[in-house]
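The sequence and the structure are shown first.

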Amino acid sequence: MVTVPADQPGQPLVRSRSGRQLARPVALRVGFPLLLVSALPFLVLGIATAALPVQRWARYTGRWPRLPDGMTGYPLLGLGLLVLAGAYLVLAVLAYQRRGWARIAVVTLTAVFDVALVMGLLADTPRTGWLVFGAAVVLCSLAGVVLCYQPEVDRYLGEARPGRPAAATESPPGVIGYGAWL
């Protein structure tokens, strides 16, 4: 009979090839592409709104918000959308690279994007295809956020990296919430 020694409690089972650090959890590897996919429609819409005349894209999307022709409102709206979508993508990449603060920012921007998308889709009488597409984008973004907050992702983000100490699990006396900000 062969006995296999058990790992110590709390010892992760999945390690990277080097054996020194945890491999990225599956939840993070699946959630990250979902976050990227959910930002792509906002990038495309921002580019179309900023670069193309209203007559080229309004027949496909409808004109929301309704602005008079010839005003700079649509290009400014498109540029704002591009800036937010670009920030979302950068923050998603930083969260994938183990930045806890970026993960919080991604959740905030996900809420902003999802609320804006739902408001935009429900403001007029959209086509069924746009409703299904919008629902798919919202579900991708929500699934990505949920996956990025799984316990194994929390353990992965809390592990020590070269040049950086492990996140504190307990706060020093007199300091509230010390470990949550690392």
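S141 has a relative accessibility of 2% and therefore counts as buried, the cut-off for that class being under 20%. The residue belongs to helix α5, and the model in which it is seen is a predicted one. Once its neighbours within four places in sequence are set aside, S141 is in contact with L35, S38, Y88, T110 and D114.

Apart from residues up to four places away in sequence, T110 touches L35, Y88, S141 and V145. The C-alpha atoms of T110 and L35 are 8.7 Å apart, although 75 residues separate the two along the chain.

**The chain as a whole**

The chain has six helices and zero strands, which gives the pattern α-α-α-α-α-α when it is read along the sequence. Of its 182 residues, 29% count as buried. Among contacts with a separation of 6 or more, 64% are accounted for by residues 24 or more positions apart.

**Two helix pairs**

Helix α1, residues 26-51, and helix α5, residues 128-148, have axes that come within 8 Å and cross at roughly 145°, and α1 passes α5 in a left-handed crossing. On the α1 side the contact is made by residues including L28, L35, S38 and F42, and on the α5 side by residues including F133, V137, S141 and V145. Sorted by class, the residues of this contact comprise 16 nonpolar, four polar and no charged ones.

The second pair is formed by α3 and α4, which pack at an angle of about 145° with their axes 8 Å apart; here too the crossing, of α3 past α4, is left-handed. Residues of α3 that take part include L81, L84, Y88 and L91, and they meet a set in α4 that includes W101, R103, V106, T110 and F113. This contact has 15 nonpolar residues, with one polar and one charged residue besides.

The loop between α3 (73-96) and α4 (100-123) holds R98. The phi angle of R98 is near 75°, a positive value in a residue other than glycine. With a relative accessible area of 6%, R98 is buried.

**The nonpolar core**

The largest nonpolar core has 28 residues, and those with the most contacts inside it are L28, L35, F42, Y88, V106, F113 and L117. At least two residues of this core come from each of α1, α3, α4, α5 and α6 (151-158), and α3 gives the most, with eight. For L117, the contacts beyond its neighbours within four places in sequence are with F42, G134, V137 and V138.

**How α6 is covered**

Which residues of α6 are buried? They are V153, Y156 and L157, and because they cover an arc of only 95° around the axis, they lie on the same side of α6. An α-helix has 3.6 residues a turn, so residues three or four places apart point the same way. The cover over the buried residues of α6 includes α1, α3, α4 and α5.

R103, a residue of helix α4, touches A95, C148, Y149, V153, D154 and L157 when residues up to four places away in sequence are not counted. Its relative accessibility is 13%, and R103 therefore counts as buried.

**Accessibility side by side**

The C-alpha atoms of V112 and L84 lie 9.6 Å apart in space, and the two residues are 28 apart in sequence.

| Residue | Relative accessibility | Class |
|---|---|---|
| R98 | 6% | buried |
| R103 | 13% | buried |
| V112 | 42% | partly exposed |
| S141 | 2% | buried |

Technical notes: Residues are numbered from 1 along each chain as its sequence is written. This is a predicted model: local features need pLDDT of at least 70, side-chain atom pairs count only at pLDDT 80 or more; totals for chains, interfaces and linings use all residues. Side-chain values use heavy atoms; hydrogens and water are left out. Helices (H or I, at least four residues) and strands (E, at least two) are DSSP runs, numbered from the N terminus. Buried means under 20% relative accessible area, exposed over 50%, partly exposed in between (1.4 Å probe, protein chains only). Axes are lines fitted to C-alpha atoms, for helices over the stretch in contact, and angles run from 0 to 180 degrees between N-to-C directions. A crossing is left-handed if the near helix is turned anticlockwise from the far one by less than a right angle, and right-handed if clockwise. Contact means heavy atoms within 4.5 Å. Ala, Val, Leu, Ile, Met, Phe, Trp, Tyr, Cys and Pro count as nonpolar, Asp, Glu, Lys and Arg as charged, and the others, Gly among them, as polar. A nonpolar core is a set of buried Ala, Val, Leu, Ile, Met, Phe, Trp, Tyr and Cys residues joined through side-chain atoms within 4.5 Å. The arc is that of the directions from the helix axis to the C-beta atoms.
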